[in-house]
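Here is a short tour of one protein model. Please look over the sequence and the structure before reading on.

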Amino acid sequence: RRKLSLSKSELSGQIQTVLGPIHPTDLGITLMHEHLLIDTTCYYYESDYASVKSLKNMPFKPELTSKSHDLYIHHLDGARMYDDSVAIQEVSAYKNSGGNSLVDTTSIGIGRDPLGLARISRGSKLNIIMGSSYYVTHSHPPDMDQKTQSQITDEIIRDITIGVKDTNIRSGIIGEVGNFWPLTQNEIKVLLASGKAQRETGAPITIHSGLGDEAPLAILNHLIRGGAKPTNCIIGHLDTAIQSESHFIELAKTGCYLEFDIFGWENTGMFMDDAINMPNDTGRLDRIIFLIENGFEDQIVISQDVCRKWHLSRNGGQGYDHILNNIVPRMKKLGITESQITKILIKNPAKALVFE
């Protein structure tokens, strides 16, 4: 039987998966921001137009991907990834391509499923690290205004040291902590609570960043104000969050991990918002090369953020094996060395996910 509660000292130096702690050397190739089971219907809102209203309860089918912008906000089924047998089949392609581990960044409010993740881990033979804390405002519970910062901190600590509810399955990362830009008051409260929970547990934090050059650093500063160490924080969605090279450098100088995590998204024609400057994979790699050239190769991590049905391989999406099969060969052709690729896929994740 598992111990009822783990202390900070017991977790220090380890990585906590849904099946228990592992040593960082056992992590291997790691995707840092994925979703195996998730419900993002929090983004749904009713269209004014009859033809778009018809999408609401339509079962997802691959042909609908051509309507992906409308699907994102006006369609329910595509946002529901509920089937662990499908998840095992899909993620096994990543395992068969050489993958060893992944971080499921599904946090509170978007269908986090500890028992489901444990089944997927056993079925796929992958190490899976589960998230905690809260996602964006849209997904917050009705009583979020009443929740205190201390209550949220205590919830996160319990998820990490005891387990989620009565499952005895423990989170191994704080996040993805969800943020829009500008930040809402409840998002700031969650950031401060997450920073305090990191200080108490030593757990890493992973961030869903708001969109804007100033957003990632402002978010990180709230975490630091709560007690977090920047070197134990992973700032995600930098593919779209930052456009300015100077802002990349400013953020990188804090020592945080720099995550490019939506590889392959443009292949679905998916734009969350018309204002997003969505790069293609070559654009992502250009940013990564820029950061390497400026001395930040020890802070870069990558992923694909599979979170909708049209991202799955069976539906024509990038799947979980896109980086290993399509991006790594391209990295080599662009002059990223084997040593740098090993850092991005193995060494940096092992440092980023370890409990301090």
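## The model

This is a predicted model. Every value below is computed from it.

## A three-stranded sheet

Start with an open sheet of 3 strands. Its order is β3-β6-β7, and the pairing is parallel. β3 (30–34) and β7 (127–130) are the edge strands. Each has a single partner strand, so one side of each lacks a neighbour in the sheet. From one strand to the next, the twist averages 20 degrees.

Strand β6 covers residues 101–104. It is joined to β3 by 3 bridges and to β7 by 4 bridges. T30 has S101 as its bridge partner in β6. E34 has D104 as its bridge partner in β6. S101 also has a partner in β7, namely N127.

In a regular strand, side chains alternate between the two faces of the sheet. Which residues cover the two faces of β6? S101 and V103 lie on one side, with L102 and D104 on the other. All four are buried, and both faces of β6 are covered.

## Salt bridges

Side chains of opposite charge can pair when their charged atoms come close. How many salt bridges does the structure hold? The count is 15.

One of them joins K56 and E46, with the closest N and O atoms 3.6 Å apart. K56 sits in the loop between α2 (50–53) and α3 (68–74), and E46 in the loop between β4 (38–39) and α2, so the pair ties together parts that are 10 residues apart in sequence. K56 is partly exposed, at 26% relative accessible area. E46 is partly exposed too, at 37%.

Another salt bridge pairs D77 with K309. Their closest N and O atoms are 2.9 Å apart. This pair links distant parts of the chain, 232 residues apart. D77 lies in the loop between α3 and β5 (80–81). K309 lies in the loop between β12 (300–302) and α12 (322–333).

## A linked network

D239 forms a salt bridge with R284. The closest N and O atoms are 2.7 Å apart. This pair also links distant parts of the chain, 45 residues apart. D239 belongs to helix α9 (residues 238–241), and R284 to helix α11 (residues 281–293).

Are D239 and R284 buried or exposed? Both are buried. They are also part of a salt-bridge network, which links D239, E266, D281 and R284.

## The second largest pocket

The second largest pocket holds about 240 Å³ of space. Among the residues that line it are S107, I108, G109, I110, G111, R112 and P114. The lining also includes E155, R158, D159, V164 and K165.

Which helix gives the most to this lining? Helix α6 (residues 149–161) does, with 3 residues. By class, the lining has 4 nonpolar, 3 polar and 5 charged residues.

## A buried isoleucine

I120 is in helix α5 (residues 114–124). I120 is buried, with a relative accessible area of 0%. Between I120 and Q89, the C-alpha to C-alpha distance is 9.3 Å. The two are 31 residues apart in sequence.

## Cis peptide bonds

Where are cis peptide bonds found? One runs from G175 to E176, with omega near 10 degrees. E176 is in strand β8 (residues 174–178).

Another cis peptide bond joins W181 and P182. Here omega is about 0 degrees. P182 lies in the loop between β8 and α7 (185–201).

## Positive phi angles

S133 is not a glycine, yet its phi is positive, near 65 degrees. This residue lies in the loop between β7 and α6. S133 is buried, with a relative accessible area of 0%.

H237 is likewise not a glycine and has a positive phi, about 60 degrees. The loop between β10 (233–235) and α9 holds H237. H237 is buried, with a relative accessible area of 7%.

Notes
Residues numbered from 1 in each chain as written. Predicted model: local features only at pLDDT ≥ 70, side-chain atom pairs only at ≥ 80, totals over all residues. Heavy atoms only, no water. 1 Å grid on protein atoms, 1.4 Å probe; cavity = no way out; pocket = protein on both sides within 12 Å on 5 of 7 lines; lining within 4 Å. Points joined across faces, edges and corners; volume = space filled by probe spheres on them. Nonpolar A, V, L, I, M, F, W, Y, C, P; charged D, E, K, R; others polar. Salt bridge = Lys/Arg side-chain N within 4 Å of Asp/Glu carboxyl O. Buried < 20%, exposed > 50% of the residue type's maximum accessible area, 1.4 Å probe, protein only. Pairing = 2+ DSSP bridges. Axes fitted to C-alpha atoms, helices over the stretch in contact; angles between N-to-C directions.
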